[in-house]
Each structure stands twice: as C-alpha cells, then as structure tokens.
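Subject: Structure handover

Hello,

Here is the structure for you to look over. My notes on what turned up in it follow below.

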Amino acid sequence: MSSDLVMDTCLLAGSIILKNGGETYRTEETMARIAQAAGMDDVNSSATPTSIILSFRCKGFDHTRMVRTPTRTTNLNKITLVNDVSRRFVGGGITLEQAYLTLCEIDQKKPLYPKWMQHLAAATASGSFAMLAGGTWLDLLPSAMAGLIVNLSIEYLEQFVRMKFFTEFSAALLGGLFALLVVTIFPELHISIIIIGAMLPMFPGIAITNSLRDLLAGDLVAGVSRGVEAMLTAVSVAVATAIILSFMR
Amino acid sequence: MLLGLALSFMSSMAWCVLFNVPVRTILAGGIAGMVGYIVYSLLPLLNAEVLLSTFVSAAIVSLLSQFMSIYLRVPSTNFSVAGIIPLVPGSLAYKSMLAFVNNDYVEGITLATKTMMVAGAIASGLIFGISVVTIVKGARYAGKRAQ
C-alpha cells in the first residue's frame, strides 16, 4: 500500500472532522486508526483546533505531514459520515482508494439543510427558548424575529468582517437593537425575554461540549483553546447586551 | 408543563438543524432535549436546588446521548449539544448583565458567579455521563483481559 495515499486519506479525514466542529480526540483517533489499519507502524497523530500533524513509519521510512485548518464551521453530518467511512475501512469493508474517494466526496458536500431552513431553525430556537425562559405568547414572535435577524447578520457580516468575534458582537448588537425597537413600539412586551431569546443562536454550545471532551480525553492544549474560544464568544455577546441595556436606561 | 415539553422539543430540534446533524437523528436530538427539560423542571418539585437539578438533567442528557449514539451508530455530539440547550442559564446571564449596566457591581458579580456555577453544573453533568460510559467500557475491557 502506498504511504502517500495513506497519508492523504488520514489527513483528509482528520481535516474534515476538525473543520466541521469535531472533537480533537476524535480527529487524532480516526487518523491513527486508519493509518494502523493500513498497516503503518509507529503511528503518532496530534491535533489542535487549528492544525493537524501525523507521522508514521512505512517500510523503514518516516513520513510526517502537517495541515492547517484556518476556517471552522459546524456540520455534524460530515463528521458522522467520516466516522462511518473510517469504521468501514478499519473493519475491512472498503479499500483505501474507495475510502479516499468517499472522503473527497464528503468534503465537497454542501450543508445538509438549505439556508432558509437554518434561518427558520434559528427563529424557532429563539422563540421557543424565550417562552421557556418565562415569556408569554406575545413575546414569541418578536423573539423569533430577533433570532432570525441575529442569524442572518452573522451570515452576511461574516463576508465583510473577517473576524469571528466582531461578527458575533455586531450580530448581537443588531438583535438587541431590534428588541429595543419592538419594545419601544409595543411597551407591553418584555425586553428581557426577547433579548434572552435573541442571543441564543450565538450560544457556543458546541465549543463548550467539545472543549470538555477534549480536556477529559487529556488534550489539554486543545481543550483550553476551545474553552477560550467559547469564552470570547460569550464575552462579545455579553458586552453587546450590556451596550443595549445601557441604551434602555 | 405540556407547553414546556413541546417548546423544549422544538428548540432542541431547531438546534439540530442549525448544527446540520443527519436527518435520521433530528428526532432523537429533540427527545434528548425534552427529557433533559422534564428532569430539569421536575426536580425542583422535590426541593432540589438549581445546581443539583441542572447537574442531574445534564448527566441524563449526556447518558441518553451516549446510548442513542451506540444505538444509531453516530457520534454522540449529535445529541448532546442540542440536548443541553433548554438548560442554558440565559435569564441569569441577562440579569447579571443588567446589574452591571446599572452600576450594581456586587449584585452583578453575584449573579455572574451563579451563572458560572450553573454552566459548571451543565459541564460536570456532561462529563459525568461520558465518564460512566467510559467506565463501563473499561470494565468490559478489563473483564475480557482477565479471561
């Protein structure tokens, strides 16, 4: 088996997992398992949220490569698919070439749900969370609209503002301004409930969950860096909320 | 109560869509969120503190997602991220921000600490669920080696 193809397959699998919001330990484990199943010795893999290093020994030669993953999104479907491919390859169900081609296909895949459905989901999440936080039926629609605005602005601002945290800050600011506007027009609505609902689409749930799992698996660097990422998001949303609240006084 | 169930189910499913989970696991994610919310809202009736009920419900969500991940053969992150959403301390965080803006720093720090504690309870609940499954797996492995 050629060591180049093994290296390419492993790195592709690892970078797909890392790019789409998978845990670091899953990245390392998947790469190591594929390399071992392909018959490589002395396999070592290391991943942080921004880079992957893989090295193994093949017929007396050492091979090491590193790739960087500059952008990160969340697409759990791709992680599930890669998991499936690696499991089938390790189990002997498919050959290495087939695995590599499938991984290329997975990498090119578009998100599972269309854009409008994602925005609708953000609106639903915001609306129902506002009700769970103690809102009335009247608060449902404004918070759903505020959540929609937040999600839309995250998507469109990201193209202009290259910084993730400033994008989140501005999106939170816009959502809060909408809440303020709605409450000024209809004073019987609860601004607190609407803001709580609107900020929900920015809750860094996946970063927190992954950082915990990484810490538990012993990846201290990866866990801490993901935790800091989650905290920065939380702080930028909190500051935006504080600014909105100071307008209200 | 019934309304809360429907709402937690809806919001967890919406999060599943936001995170692009596979179609066949959306329903399971919604169920994870709903079960978490049921536990979270039932425990205070038994005089449980907020921290305890958050911890227990996060642990149950985590355990449930582990079992569903084994059953459906997908990574457990698919369920747990959506399942913990109804437990997020949104109103506490908001109140603490409000206190900071009103220059009531003592109240703000009190509420912020409370928020952190609840977030920590969610985190430790998740860790608890993961650890239990790891222990079971490890015990099985040890049992196999002993034979």
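**Thr115(B) and helix 6**

Thr115(B) is buried, at a relative accessible area of 13%. Keep in mind that this is a predicted model. Thr115(B) belongs to helix 6 of chain B. Setting aside neighbours within four places in sequence, Thr115(B) is in contact with Pro89(B), Leu92(B) and Ala93(B).

**Helix 3 of chain B**

Several residues of helix 3 are buried. Among them are Ser53(B), Ser57(B), Val61(B), Ser65(B) and Met68(B). Just past the end of helix 3 of chain B, Arg73(B) has a positive phi of about 60°.

Most residues other than glycine have a negative phi. Asn20(B) has a positive one, near 60°. Asn20(B) sits in the loop between helix 1 and helix 2 of chain B. Asn20(B) is also buried, with a relative accessible area of 4%.

Asn103(B) has a positive phi too, near 65°. Its place is the loop between helix 5 and helix 6 of chain B.

**The cavity**

How many cavities of 30 Å³ or more does a search of the whole structure find? The search finds one. The volume of this largest cavity is about 60 Å³.

Both chains contribute to the lining of the largest cavity. From chain A come Thr209(A), Leu212(A) and Arg213(A). From chain B come residues including Ser62(B), Ser65(B), Gln66(B), Leu126(B) and Ile130(B). Helix 9 of chain A gives two or more residues to this lining, as do helix 3 and helix 6 of chain B. By class, the lining has three nonpolar, six polar and one charged residues.

Ser62(B), Ser65(B) and Gln66(B) are on the list of cavity-lining residues, and they are also among the buried residues of helix 3 of chain B.

**The largest pocket**

The largest pocket has a volume of about 1,600 Å³. Its lining has 49 residues. Which of them lie nearest the centre of the pocket? They are Arg72(A), Thr73(A), Thr74(A), Ile154(A) and Glu158(A).

Helix 6 of chain A gives the most to the lining, with five residues. Other elements that supply at least two residues include helix 4, helix 5 and helix 10 of chain A, and helix 1 of chain B. By class, the pocket lining divides into 18 nonpolar, 18 polar and 13 charged residues.

**Annotations on chain B**

These come from an unreviewed UniProt entry. The annotation "domain: Threonine/Serine exporter ThrE" covers residues 6-129 of chain B. That span is 78% helix and 0% strand, with its end C-alpha atoms 25 Å apart.

The UniProt annotation "transmembrane region", also from an unreviewed entry, covers residues 50-72 and 116-136 of chain B. Residues 50-72 are 100% helix, and their end C-alpha atoms lie 32 Å apart. Residues 116-136 are 100% helix as well, with end C-alpha atoms 30 Å apart.

Best wishes

Terms used
Residues are numbered from 1 along each chain as its sequence is written. Chains are lettered from A and ligands numbered from 1 in the order in which they are written. This is a predicted model: local features need pLDDT of at least 70, side-chain atom pairs count only at pLDDT 80 or more; totals for chains, interfaces and linings use all residues. Side-chain values use heavy atoms; hydrogens and water are left out. On a 1 Å grid over the protein atoms alone, a cavity is a set of points where a 1.4 Å probe fits but cannot get out, and a pocket is an open set with protein on both sides within 12 Å along at least five of seven lines; lining residues have an atom within 4 Å of a point. Grid points are joined across faces, edges and corners, and a volume is the space filled by probe spheres set on the points. Helices (H or I, at least four residues) and strands (E, at least two) are DSSP runs, numbered from the N terminus. Ala, Val, Leu, Ile, Met, Phe, Trp, Tyr, Cys and Pro count as nonpolar, Asp, Glu, Lys and Arg as charged, and the others, Gly among them, as polar. Buried means under 20% relative accessible area, exposed over 50%, partly exposed in between (1.4 Å probe, protein chains only). UniProt positions are given in the numbering used here, feature names are shortened, and annotations may be inferred rather than shown by experiment. Contact means heavy atoms within 4.5 Å.
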